[in-house]
Amino acid sequence: MSESVALSPALGSFLARAHEGEARELLARQGLPQRRLEAWRYTPLRDVDRIGFEPPAHVSLGEAEALLARLAPEARSGFRVVFVNGVLVPELTRLPEAVILTAPDAPLLADRPLSVLNSALQQPGLSLTVPAGVEAGQICLVSLVSGEEPVSTHLAHQVTLEKEATLTLLDIQSGEGAYLANPSLTVSVAEGAHLTHLRVQQDDVRATNLTLVNASIAEHGTYDSFTLTLGSRLSRHEVLAHLGGKHATVHVNAAQLLAGTQHADLTSVITHAAPDCNSRQTVKNVLMDAAHGVFQGKIYVDRIAQKTDGYQMNQALLLSEKAQIDSKPELEIYADDVKCSHGATVGALDDEQLFYLRARGVPYDTAKAMLVRAFLLDALSLVTDEAAYALLDQRVEAWWLNREG
Amino acid sequence: MPAVTETREAVETLGQSTYKWGFETDIEMEFAPKGLSEETIRFISARKQEPEWMLDWRLQAFRAWQAMEEPTWQKPEYPAIDYQDAFYFAEPKKKPGPKSLEEVDPELLRTYEKLGIPLHEQAILAGVEGADQAERLPVAVDAVFDSVSVVTTFRKTLEEAGVIFCPISDAIREHPELVKRYLGSVVPVSDNFFAALNSAVFTDGSFVYVPEGVRCPMELSTYFRINARNTGQFERTLIICEDRATVSYLEGCTAPMRDENQLHAAVVELVAMNDATIKYSTVQNWYPGDENGKGGIYNFVTKRGACRGRNAKISWTQVETGSAITWKYPSCILAGEGSVGEFYSVAVTNNRQQADTGTKMIHLAPNTRSTIIAKTISAGHSDSTYRGLVRMMPKARGARNFTQCDSLLIGDQCGAHTVPYIENRNMTARVEHEATTSKISEDQLFYCRSRGLSEEDAVGLIVNGFCKDVLKELPMEFAVEAQKLLQLSLEGSVG
């Protein structure tokens with residue numbers, strides 16, 4: 001298996017820029033993931049493979065400010081870290097004093113194509129540690145890309161929470177153009193620490209977003225995440241969560257709202273490697289036009305992970321004849337004293353519910369909007385931070401008005 | 001037909017073949033040269049006196065097989081199979097069996113006892129020399145037990161109804177037009193590695209044809225086939241139901257079957273036309289190997305049904321307790337408007353057994369419906385996987401699917417896995433899936449124990465309750481034995 005795969009335009013352009021080392025070698029050997037790879041059967045990177053990606057151009061401070069105002073107005077105040085075209089903009093960045101910037105040392109995951117790609121072309125991202133016991137509040141991580149030519153960014157972020165630290169990371173991805181954003185985020189949550197990760201992906205609909213989150217959670221620690229996917233022509237949000245200490249908790253919740261020919265994939269692998277851990281997952285897809293939603297969720301329960309409580313729910317609402325959903329919820333369980341369940345439903349809006357509303361004088365469009373919002377509420381309501389909830393809700397509202405208007 | 005007929009089938013199968021406890025490699029046989037080649041296939045085809053088109057079909061399958069790679073995506077692991085180090089055509093000759101019951105493996109006899117098999121039947125099952133002749137006579141008094149008269153009577157009934165039921169090799173010669181039309185139409189020769197292998201070298205199996213408007217007057221079972229007692233390693237079954245026809249087919253046996261062939265790669269094809277119904281029930285209890293999983297059967301089967309007509313219905317029910325590895329996905333292609341697919345499954349694994357089973361429901365037409373109920377029970381060091389696909393194609397307006405997968409773990413050294421694939425291309429189609437994994441609750445155990453049940457009986461009771469939704473789909477006489485079988489399969493897994 002040492003021979004390399006055929007050099008596609010994308011692969012050629014990546015290898016030309018890649019750092020020397022193991023990741024580059026793996027990339028050269030494996031290429032971009034295609035359909036024959038089980039984990040990528042629903043999201044093969046065939047189209048991406050045809051594009052040669054360039055490094056993005058440098059952006060002046062003035063342009064960066066304008067981009068920020070245009071694309072991520074919610075991040076104009078408060079603590080934030082701003083990356084434009086894969087480079088930190090220090091003038092726009094302001095961090096709380098309590099956090100410490102550290103040297104990144106994210107591991108390369110050889111069996112995860114997104115980790116390989118990100119590592120091979122790695123650009124330094126946000127790498128911070130919240131010291132023990134510190135409540136760091138909210139930090140906004142803004143990643144923007146702008147470029148008419150196909151460009152790609154490969155930021156590697158790393159967030160470490162020491163014992164009993166807390167942080168809310170509001171992660172905003174946006175941009176203009178037919179770019180590729182391929183960030184990675186390595187999360188480490190120590191004993192009793194709590195990270196809330198709220199992500200809004202509102203990339204350009206011509207763009208591609210391939211994100212990898214690799215989280216490990218220690219005893220009594222919590223990684224609570226919610227991802228709202230609105231943008232990109234093609235996107236994949238892949239979450240690997242490793243529950244390594246007793247009573248650790250992980251939430252991987254998401255909503256994907258897609259229209260046109262958008263394709264969005266949410267893939268998660270939750271590993272219960274210690275007893276008494278808890279994992280929760282609610283994923284909703286709302287699909288219009290010829291959009292294609294993908295959900296792959298695996299819960300792995302190790303032999304020692306007794307008393308595991310795992311729950312996974314994924315639902316899709318198809319609002320058009322041409323919309324499609326592929327869903328693969330998966331359980332792999334080796335411990336006997338566990339409570340694991342998953343559920344999946346796929347279908348159109350319920351005619352009876354529509355009828356109920358219309359019989360009470362609610363116009364069709366309003367009734368439809370109400371039902372879609374109600375459908376999303378199960379997932380959105382899991383966001384407990386009020387300000388964050390308001391932001392997500394407002395994004396959903398704007399998306400819906402945009403489609404219907 | 002009472003349950004004993006199923007046992008009886010085993011009696012026949014085992015009595016006639018060179019059955020013995022465990023595996024034997026030095027059995028005297030008439031065989032084709034070792035290995036798989038065009039010559040082997042020509043030899044098989046010639047021995048079966050097959051027409052030219054059949055040979056061509058086999059060779060086509062063989063060429064497809066040669067170009068294919070053995071799959072590796074499955075969960076069970078097994079050592080590489082050397083396909084050239086096997087015989088593909090063997091007519092076993094009778095060889096001396098045990099002289100009396102005393103010589104039979106006591107473990108085996110204990111199993112028979114638990115299943116409630118009468119002593120003389122045990123002797124026949126175990127292949128005790130002379131048992132099948134000497135002991136058959138008293139049994140023959142009971143009409144049900146007399147295989148010859150039973151078969152003749154039933155053959156007559158079937159003939160009067162117009163049902164064709166015969167070994168597939170007879171069908172190839174006697175009904176070539178039907179076989180030609182339908183064989184490989186549901187599972188094409190190049191469908192998958194093991195189906196291609198089967199298509200190239202299959203030696204026996206059943207053929208059923210139920211003509212228009214006929215409700216098959218009895219449940220058909222492999223037992224009633226004449227001249228097909230040695231079902232062999234590569235079985236091929238083809239069942240066709242014309243418009244408004246109905247048939248129920250039983251396969252397998254609750255008594256543990258021993259076989260000298262380790263790899264079993266069968267193919268079953270079902271075709272249901274307008275308003276036709278096919279019910280296919282399987283109880284599989286092949287040799288699972290010893291406690292360390294040594295020597296068990298690899299059961300790699302391709303089963304698929306096509307609902308070609310309006311409101312056709314295909315229902316698969318399986319109780320899988322045997323084999324070292326069970327690897328199969330009985331599937332339904334719902335091509336006729338309003339057609340229905342059902343899959344009810346219980347898979348039990350114990351010791352070192354591995355199972356990777358489930359179904360595929362492909363909804364092609366409007367208003368098609370499918371139901372999947374899969375119960376998985378793992379004990380000992382075993383691993384059991386449910387793997388299933390529900391696919392709603394763009395024309396499947398108003399289609400429905402409901403899937404429920406429940407896993408029960410007994411002990412902390414086993415594994416239970418669920419891998420469903422849900423693909424929807426039609427907004428009006430509705431798919432619902434739910435899965436749970438749990439263990440037997442202490443409350444339930446305590447409740448049973450405090451009412452005087454032993455721990456093993458309590459577990460048996462609870463497991464039967466867990467599987468009730470599936471067992472009730474089995475033909476009644478089968479269901480009774482299946483319940484016993486479940487309990488037996490889990491023996492030694494508690495306490």
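Predicted model: local features only at pLDDT ≥ 70, side-chain atom pairs only at ≥ 80, totals over all residues.
Residues are numbered from 1 along each chain as its sequence is written, and chains are lettered from A in the order in which they are written.

**View 1. The contact between chain A and chain B.** The contact takes 32 residues from chain A and 28 residues from chain B, where two residues are in contact if their C-beta atoms, placed from the backbone, lie within 7 Å. On the side of chain B that touches chain A, the elements giving two or more residues are β20 (400-410), β21 (415-424) and β22 (430-439) of chain B; strands here are DSSP runs (E, at least two residues) and helices are runs of H or I with at least four residues, both numbered from the N terminus.

**View 2. Strands paired across the two chains.** Strand β20 (residues 324-333) of chain A pairs with β21(B) in the antiparallel sense over 6 bridges, and two strands are said to pair if DSSP finds at least two bridges between them. Within this view, D326(A) stands opposite E423(B) in β21(B).

**View 3. Strand β4 of chain A and its partners.** Strand β3 (residues 100-101) of chain A runs antiparallel to strand β4 (residues 123-130) of chain A, and 2 bridges join them; here I100(A) stands opposite T129(A) in β4(A). With strand β7 (residues 155-161) of chain A, β4(A) pairs in the parallel sense over 6 bridges, and the bridge partner of V130(A) in β7(A) is L161(A).

**View 4. Helix α7 of chain A.** The 17 residues of helix α7 (residues 364-380) of chain A should span 24 Å at 1.5 Å a residue, and this agrees with its end C-alpha atoms, which are 24 Å apart; the expected span is 1.5 Å times one less than the number of residues. The buried residues of α7(A) are A367(A), V372(A), F375(A), L376(A) and A379(A), a residue being buried if 20 or more other C-beta atoms lie within 10 Å of its own, exposed if 12 or fewer, and partly exposed in between, with C-beta atoms placed from the backbone.

**View 5. Residue F446 of chain B.** F446(B) lies in helix α12 (residues 442-449) of chain B, and F446(B) counts as exposed because 11 other C-beta atoms lie within 10 Å. The C-alpha atoms of F446(B) and S345(B) are separated by 28 Å, although these residues are 101 residues apart along the chain.
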